[in-house]
Amino acid sequence: MNRYEEAFKMAKARRESALIPFAVAGDPGPDAFLDVIKAYVDGGADVLEIGYPFSDPVADGPVNQRASQRAIKAGLNHSLFFSLVKEIRSFTDIPIGLLTYANTINHLGAEAFCKKAERAGIDSILTADMPPEESIDLDTQMRKHGIGRVYIVSELTPDDRMRYIGNRVDSFVYVVSRPGVTGADAALSSSVKTTLTRLKRVTDKPAAVGFGIATPKHVREVTGAGAQGVIVGSALVNMIEDAVNKGKSPARALKKRVSELKAATRHA
Amino acid sequence: MNKRSTKAKGANTKSVKSSRAKPSKPGYFGRFGGTFAPETLMPALAEVREAYGRFRDDERWQAEYGRLLSTYCGRATPLYEAVNLGERLGGRARIFLKREDLNHTGAHKITNALGQALLARFMGKERLIAETGAGQHGVATATAAALLGMECDIFMGTVDMQRQLPNVYRMNLLGARVVPVDSGGRTLKDAVNEAMRDWTRTVRNTHYAFGSALGPHPFPTIVRDFQSVIGRECREQIRAAAGRLPDEVVACVGGGSNAIGIFSAFIKDKGVRLTGVEAGGFGLRGSQHAVRLTPSPYSRLGILHGAYSYVLQDKDGQIADTHSVSAGLDYSGVGPEHAHLFESGRANYTYATDEEAVGAFRLLCEAEGIIPALESSHAVAYAVKHAPKMAAGSVVVVNLSGRGDKDMDSVAKFLEARKK
C-alpha cells in the first residue's frame, strides 16, 4: 500500500479527514522551512503539501507569491529542494505532495525531475498550469517512478471532465473550494458540497479540498461535506510571514494552529 | 528537452513544407504553444475556442467587424513609400512603411481589441480585461469596451505606468479602471500574471482579451487571425505600388502580434524574407534585453503564460526580468508561432539595441516627419542598418506598428541620460 492509501485509510478508521498543511519549500530559509515542516508534523499533519517556488505563479494569490519570492531569494533551487525533501523524509513517513508549475518540471525535463523526486521521497505531483491534456510525458514518467498524479477540479468543471480527471488521478483529486487563486477566505463558498457530490458520482478516488480554507470552522465544514482531505495553505503561510516580519520563529504558533485544525477534522 | 535546436540557423526556406504554419496538433505550431493553464480556466478556454469557431463563420458579426475596421479604425491603413529615408540610406532599397500608426488609437492593437471585444459580446460576456505594457493594447481595449458598452479593467505594471503616463490617463478617460501591478519586474509579464489571476476568479462574466499572439490556445491563433488583415492589405498594396512582392518584410517582435499579422500573408511566398526584430536593450552581454530568438545564456525553451516557447530564464528556471527602452517589447516570452517560424527557418530573427532604436526613431522623425513608436523603431533600425547593403532596387516593407507620441518622455530621458 502506498503512503497516500495508508494515510487516507488511517484517517477513515479514526473517523477523520486527513489534514494537509502547505508550505513553500525554502520559505523563509532552508533551516527555518524544515522547522515549519516539523511543526506541521508534530501538530498532527496527515499529509504534507510542498510548493516549489516559481517567479510567476499564476494560480497563487499574494501570500504564496511573497512566500515564493522569499524562498527564491533564500537560494531555493532544484538541488536544494530535493535535499530538503530528503531531510523531511528522515523524520517522517507521511505522504509528501509537490505543488509546482510546468516551467519548473520542464527546466530539468520530466524524466530527470521524476527520478530525483522518487529518490527524495516525493509521493505525488500536481502541476498547477499543466492540465491532463498537456501532461502525457510527465504522466508516463511519474508512473514509471511510482509518483502519484494529482489534478484539480472546480465547480466550473463539467461532469464528463470530472470523470476524465478522476480516471487520470492516483493519489487524490484536488477540489478547489471556489474559482480563483490561492488565498485565505473569511467564509467558505457554499458550492463546495455540490462540487464534492458531483465528483463522488463519477469517481471513487479520495477528494481533498483546498483554496480559501483558513480556520477550524472551515475544516469542519469541508469535512462535513464529505472531503477525505483538507488542504490549508495561505492561512499558515501568512503566519510564517508574520513571524518573519517580527523576527521570530513561527514554529511554535504553527504547531498549535495545526493541532487545532487537526482537531476539527474529526467527523461529527 | 531544453537544448536549443540549431536546425534553424542557416536553414533555407525551401525546406519549409507547411506554408501556412498551421497548428500541428490542436493549439500547437510545430512543437510550440499548447494549453498550459490552470484547470479553472480550462472550461473557459474550451468555451472561447468553440465560440470563436462560430464567430468566424457568422456573416452578421463578421460584417459588423468589417464595418468597424473601416469606419471606426480607419482601415485599410496606407502603405507609404519612405523616399527620403530610402535616399538617406543610400538609395539602393525602396523602403515602404505599412502605416499601422494611422489606426484609431495609434497602433495595430485596436484591430485585435475590437475583434476580441466583439467576440466577448458574441459570447454574452459583460466585462473585458487585458494586460498592457506600452499601454497601447490597454487603450485599444478600453476604447473597444467604451464603444461596445462593456466594463473594463486593464492590468499594468507600475514601472510601465510611469513610463507611459499619458496612456494611463487615456484609459481612465475611456472609462476603464487601470489596476496597478506591483509584483516581479512590474512590467508586461507581471501584468499578464495578474490578468490571468483575475480571469480565474471572474471567468463566468469576463473575457480576457490577450493583447498579443501569446497565452494558452486558442489565443495565439485568435490574435494572429485578427491581425492578419495587416498582411492581406499589405500584400495587395505592395503589388500595386511596386508591381511585385517585396524582398523582405520587417516587423518588431515583443509578444509578436504585429509581426505575425503582417507575416501571415507572406508565409507561403518563399521568396519573401520575413524578419522579426527583438528588443536588444543594452545588448546581449547581460540580461538587460528582451531577445529570445537569438541564442543567449538566458533564452531557453520553457513554459510561460500558457504556452511552450522560448523564454528568458535564469539558470534555476525562474523567469528573468527584461529590459527595453520600449515598454511594448519588454516581455520574457515570445508568441509560440514565432518560435515555430524561427525553428523551421521560415522567418529570421535579430535584434536592435535601445541605442539603435532611438537612432532610427530620430531619423524617421527628421527624414519623413513621422514619429514612430519606440517598438516600431526597432524594425526601422533594422532597415537603417541593412538597406545600404541591399541589392539595388530591393523592395522592403517595414511594419510601422504604432505612433510615438506616447514615447516623448522615454526618448527625452534616454537622450538626457546619454548626455551624462
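**Notes on the predicted model**

1. To begin with one local detail of this predicted model, Arg15(A) sits in the loop between helix 1 (3-13) and strand 1 of chain A. Arg15(A) is not a glycine, yet its phi is positive, at about 60°. Is Arg15(A) buried or exposed? It is exposed, because 11 other C-beta atoms lie within 10 Å, and a residue counts as exposed at 12 or fewer.

2. A positive phi is also found in chain B, at His305(B), where the value is about 50° although the residue is not a glycine. His305(B) belongs to the loop between strand 11 and strand 12 (307-312) of chain B. His305(B) has 27 C-beta neighbours inside 10 Å and therefore counts as buried, the cut-off being 20 or more.

3. As for the overall build of chain A, it contains 12 helices and 8 strands, and its C-alpha atoms fill a box of roughly 45 × 40 × 35 Å along the principal axes. Buried residues account for 57% of the chain, and of the contacts between residues at least 6 apart in sequence, 75% join residues at least 24 apart.

4. Chain B has 14 helices and 14 strands. Its radius of gyration is 20 Å, close to the 22 Å that the globule rule gives for 420 residues, so chain B is as compact as a globular protein of that length. The C-alpha atoms of chain B fill a box of roughly 55 × 50 × 45 Å, and 62% of its residues are buried.

5. Within chain B, helix 2 (residues 59-73) packs against helix 4 (residues 109-122) at an angle of about 145°, with the axes 11 Å apart, and the crossing is right-handed. Helix 2 contributes residues including Trp61(B), Tyr65(B) and Leu68(B), while those from helix 4 include Ile110(B), Leu114(B) and Phe122(B). By class, the residues of this contact divide into 9 nonpolar, 2 polar and 1 charged.

6. Where the chains meet, 27 residues of chain B are in contact with 32 residues of chain A. On the chain B side, the elements that give two or more residues are helix 1 (42-57), helix 8 (188-202) and strand 11 (299-304), with helix 8 supplying the largest share, 6 residues. This side of chain B comprises 11 nonpolar, 11 polar and 5 charged residues.

7. Finally, on confidence, the model scores ipTM 0.96 and pTM 0.94. Chain B averages a pLDDT of 93, and 94% of its residues score at least 70. Over residues 1-23 of chain B, however, the pLDDT is below 50, although this stretch has 36 contacts in the model beyond near neighbours in sequence.

Notes:
Residues are numbered from 1 along each chain as its sequence is written. Chains are lettered from A and ligands numbered from 1 in the order in which they are written. This is a predicted model: local features need pLDDT of at least 70, side-chain atom pairs count only at pLDDT 80 or more; totals for chains, interfaces and linings use all residues. Helices (H or I, at least four residues) and strands (E, at least two) are DSSP runs, numbered from the N terminus. The radius of gyration is taken over C-alpha atoms; the globule rule is 2.2 Å times the number of residues to the power 0.38. Axes are lines fitted to C-alpha atoms, for helices over the stretch in contact, and angles run from 0 to 180 degrees between N-to-C directions. A crossing is left-handed if the near helix is turned anticlockwise from the far one by less than a right angle, and right-handed if clockwise. Two residues are in contact if their C-beta atoms, placed from the backbone, lie within 7 Å. Ala, Val, Leu, Ile, Met, Phe, Trp, Tyr, Cys and Pro count as nonpolar, Asp, Glu, Lys and Arg as charged, and the others, Gly among them, as polar. pLDDT is the predictor's confidence in each residue, from 0 to 100.
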